[in-house]
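Me: Hi! I'm new to this one and would like to chat about its aromatic rings. Could you walk me through them?
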Amino acid sequence: MTTTRLPRKATVLLAGLVLAALTGCGNADKGPAEALGSKGPALPAKVVPAAPPGLAGMPPLLDPNDVYAADRPNKLSPVVKDFPSRVYVPNTNSNTVSVIDPVTYKVIDTIPVGVQPQHVVPSWDMKTLWVNNNRGHTLTPINPATGEAGKPVEVHDPYNLYFTPNGKYAIVMASMDKELVFRDPHTMDRVKTVPVTCFGVNHADFSADGRYFIVSCEFSGELLKVDTEKMEVVGQQKLPFEGAMPQDVKVSPDGKTFYVADMMAHGMWVLGGDKFETPKLLPTGKGCHGLYVSRDSKEMYVSNRGEGSVSVFDFTQNKLTKKWELPDGGSPDMGGVSADGKVLWLSGRYNSEVYAIDTTSGKQLARIPVGGGPHGLAVYPQPGRYSLGHTGIFR
């Protein structure tokens, strides 16, 4: 049989046509052909569900597993780094604010304010300290750069004050009015009033994504869950303890658990905020009142006002590990942790004094006389990027 040799150009052209036919077979409707040398058809891209969006405008967390990651020792924002270090103590019965130098443990100034000041609250932008004059129905601004008080702003029944995580609103805890009042965070003009059916709204903290916050109702023993963006109460429950009197509220570093101090149940209520489940009680000490997280996010200091002690809760071990007794007793109430994390400052509500406590040893460093009925003192400045209110909840 005679074999006909094709010209070289024809051979190359024919090979190309055969290859094109083979690689294109069956793929006319399936997009690009499989790459040569692959082991099989390409798998579809795995669809990863998007994380639930946080509150619009809220600065993202530095660490999704630690809401307090911005609060490390001496990590001061440029906004506050030049402010003098002070402890501002509202004296409820004296209608004054005592200003303490934390280096000398001495009162260096006394500022007259309105009637029944309850808490000193850092603003969201951290530029102003607001004194909550509860029965005077005003907020007194203090400039933390100079220590000077400004003109009071009329605000009805400001027992406590918080700020939404995006800085859009201030939230006044109007305890006697039975209202949560959303206001402009600078002018304090009223934006929306949310009536509540519980008695004594006073303390709160926000979820990690900022989309809701949990509120304690002191005089009716209840908890509220509030939608931050909608400014609506979306949950309410009675605490399972006769005569419950919930106080301070704090969320865990991982944002999954809320702790609520209860001065009559003598411990902390522990619950998941997302499901807003029935809480369980963890006994700490008589008159459990204030909750403060350490600078490394590992522990929480719990003031027991009725017995003059501080319990230490370990987040990782999920248990109480220490209890510090104040020498000569006392009534440790509200306060905060120093910028370096080494000192816990607490007001002595019924003893007209302030306590400075070493956070390593639990040793009392100082016991400082102040005005009558010292309450929600603020240690300032503190680390963090913005303030959620109270005596200093920073993110």
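Reply: Happy to! Keep in mind that this is a predicted model.

Me: How many aromatic pairs turn up in the whole structure?
Reply: A search of the whole structure gives eleven aromatic pairs. One of them joins tyrosine 105 and tryptophan 345: the ring centres are 6.0 Å apart and the planes are at 40 degrees, so this pair counts as tilted.

Me: Where do tyrosine 105 and tryptophan 345 lie?
Reply: Tyrosine 105 is in the loop between β2 (96-101) and β3 (106-112), while tryptophan 345 is in strand β26 (residues 343-348). The pair therefore ties together parts that are 240 residues apart in sequence.

Me: What about tyrosine 212 and phenylalanine 258?
Reply: They also form an aromatic pair, and it is tilted, with 6.0 Å from centre to centre and 35 degrees between the planes. Tyrosine 212 belongs to strand β14 (residues 212-217) and phenylalanine 258 to strand β18 (residues 257-262), so to speak distant parts of the chain, 46 residues apart. Both tyrosine 212 and phenylalanine 258 are buried.

Me: Switching topic: which charged end sits over the ring of tyrosine 212?
Reply: That of lysine 225, 4.3 Å from the ring centre. Elsewhere, the charged end of lysine 178 sits over the ring of phenylalanine 199, 4.1 Å from its centre.

Me: Last one: which residues form an aromatic cluster?
Reply: Phe83, Tyr380 and Phe394 form one.

Technical notes. Residues are numbered from 1 along each chain as its sequence is written. This is a predicted model: local features need pLDDT of at least 70, side-chain atom pairs count only at pLDDT 80 or more; totals for chains, interfaces and linings use all residues. Side-chain values use heavy atoms; hydrogens and water are left out. Rings of Phe, Tyr and Trp (its six-membered ring) pair if their centres lie within 6.5 Å; planes under 30 degrees apart count as stacked, over 60 as edge-to-face and the rest as tilted. Helices (H or I, at least four residues) and strands (E, at least two) are DSSP runs, numbered from the N terminus. Buried means under 20% relative accessible area, exposed over 50%, partly exposed in between (1.4 Å probe, protein chains only). A charge sits over a ring if NZ of Lys or CZ of Arg is within 6 Å of the ring centre and within 35 degrees of the ring normal.
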